[in-house]
Amino acid sequence: MTDSNKPAPKAPARQPIKAVRGTRDLLPDQTPLWNRVETTARAVFARYGFGEIRTPIFEETSLFSRSVGEETDIVSKEMFTWEDRARAASEKAQSLTLRPESTAGVVRAYIEHKLGETGQLQKLFYIGPQFRRERPQRGRYRQFWQIGAEVIGPQTSGAESPIRDAEVLEMLASLLDKLGVRDWKLELNSVGNSDDRARYNLALREALEPVKARLCPDNQRRAETNPLRVLDSKDEQDQDIINALPKIADYLGDDSRDHFAQVLAALDACGVHYTINPRLVRGLDYYTRTTFEFTVTTGLGTQNALLGGGRYDGLSEMLGGPRAPGIGFAIGEDRLILTLQAQAEADGAPTAAPKLDAYIAPIGPAQNSAALKLARELRREGLTIEVGDGKFKLGKSFDTADKLARHIILLGEDEVATNIVTVKTFATGDQVKIERTNLVQTLQAGA
């Protein structure tokens, strides 16, 4: 065989492209639970006077380095940052970052749009994706979703009042109860004001100096750059050393002590149970005074924090804005979903999406148009409907309908002519003739 007669080599098979590691698709059988969570959150937030804010998913890198802190793991290790090159000689390149959290962006918007000039308290919530380059694990992704809220305003608006802290915590307790989250636990602490933190940081550095060589490498680095972060460490080998470190409660000034006492008193009055955790510092640079976490016992394993937050009375000034005390939180929605799924599994409760009200099976292609017309009428009445294809064999239509819907509506030439359709209810096996005028009522009654 000559070279010209040789068969052409086969092109290599193309490998399918998959989602990037640390991201995933949420498919239609999963999203109903997500939608229920978000709908519930929106309803609860509305009752407390919160309005929605939507900020860009990327910001100038300096927004996060100035607010979250240069020495935090988020800024030093986990941000997705790139240089946005200039497109014209008159433009400058700038460093941009996919948001790793949303508080900084919300406060930036508060400053940029001069919301403080209204003199009113701003109560803002958001729902959206965040991005961190961390090692993917159960409940932690590189693109993850948060539900969060911020309360911020000028001092004259009452933004600094302990009642704001307590109201946020009471709202979160109500939200978790409304969603059916069981056995949640609220832990809180006070990290004081900037002067308190400065005194405590000095004491912490002195206490860490003789023992830091015995810490894990990450904690040795934190002991130098951000000692508060050592207290957040989950490294089991370091826990005895960490437990022996000074407690921030011993370094609080009178104002901070009084503020925290008022928060606790308001929670007591509302019947919201809590535990004071003296090691809870949440080492982001902008936190002051009240810090908190809600943890759960189901679905998340040892990394059981469901949400967290705290007060950030100096963040607006950090970002070049006016004095604007604030407090906020972020719920890890991915982790909340895992918790609800684990609880439902433990209860033997279904987590699948509810079935549609009906599946319309046209008998023969000639009835397709009539089937679509009927579907339009039923959907206008608020029913959930799927339409088959007249080319399907009747057995296939029944199999498909049984998977998707509670009823199947058979629509043949006689049904179209007489306006009497055949309806089968899968749960009971009953099959009856129903006049078109009674169809909506029948389907609604069987919901």
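**Close-up 1. What the buried side of helix H4 packs against.** In this predicted model, the buried residues of H4 (residues 103–112) meet strand E2 (58–60), helix H2 (61–67), E5, E6 and H11. H4 is mostly covered, with eight of its 10 residues buried. Those eight start with Thr-103, Ala-104, Gly-105 and Val-106, and carry on with Val-107, Arg-108, Ala-109 and Tyr-110. Look just past the helix and you'll find Lys-114, which takes a positive phi of about 55 degrees.

**Close-up 2. Ser-316, a residue of helix H11.** H11 covers residues 315–318, and Ser-316 is part of it. Is Ser-316 buried or exposed? Its relative accessibility is 1%, and since buried means under 20%, Ser-316 counts as buried. Setting aside neighbours within four places in sequence, Ser-316 is in contact with Val-107, Ile-111, Gly-321, Pro-322 and Ala-324.

**Close-up 3. The open sheet of eight strands.** Reading across, the strands come in the order E1-E5-E6-E11-E10-E9-E7-E8, and the pairing is mixed. Strand E1 (51–52) and strand E8 (275–276) stand at the edges; each has a single partner strand, so one side of each is left without a neighbour in the sheet. Helix H10 (residues 254–270) packs on this sheet, touching strand E7 (185–190), E8, strand E9 (288–295) and E10. The direction of H10 makes about 160 degrees with that of E7.

**Close-up 4. Strands E10 and E11, side by side.** E10 (residues 305–311) and E11 (residues 326–332) run antiparallel and are joined by five bridges. To get your bearings, find Gly-308, which stands opposite Ala-330 in E11. Helix H12 (residues 333–347) lies across both of these strands, and also across strand E5 (122–131) and strand E6 (143–152). H12 runs at about 50 degrees to E11.

**Close-up 5. The open sheet of five strands.** Here the order is E13-E12-E14-E15-E16, again with mixed pairing. Which strands are at the edges? They are strand E13 (385–387) and E16, each pairing on one side only. On average, neighbouring strands of this sheet are turned by 30 degrees against each other, direction ignored. Within the sheet, E12 and E14 pair in the parallel sense over six bridges, and Pro-362 stands opposite Leu-411 in E14. Helix H14 (residues 394–404) packs on the sheet, touching E12, E13, E14, E15 and E16. The direction of H14 makes about 150 degrees with that of E14. H16 packs on the sheet as well, touching E12, E14, E15 and E16, and its direction makes about 125 degrees with that of E16.

**Close-up 6. Helix H16 and its buried residues.** Within H16 (residues 436–445), the buried residues are Leu-439, Val-440 and Leu-443. Seen down the helix axis, the buried residues of H16 fall within an arc of 90 degrees, so they line one face of the helix. An α-helix has 3.6 residues a turn, so residues three or four places apart point the same way. The face of H16 turned away from the buried side carries the exposed residues Thr-437, Gln-441 and Ala-445. What covers the buried residues of H16? The cover includes strand E12 (356–362), helix H13 (368–380), strand E14 (405–411), strand E15 (420–425) and strand E16 (431–435).

Definitions and conventions:
Residues numbered from 1 in each chain as written. Predicted model: local features only at pLDDT ≥ 70, side-chain atom pairs only at ≥ 80, totals over all residues. Heavy atoms only, no water. Buried < 20%, exposed > 50% of the residue type's maximum accessible area, 1.4 Å probe, protein only. Helix = DSSP H or I, 4+ residues; strand = E, 2+ residues; numbered from the N terminus. Arc of directions from axis to C-beta. Contact = heavy atoms within 4.5 Å. Pairing = 2+ DSSP bridges. Axes fitted to C-alpha atoms, helices over the stretch in contact; angles between N-to-C directions.
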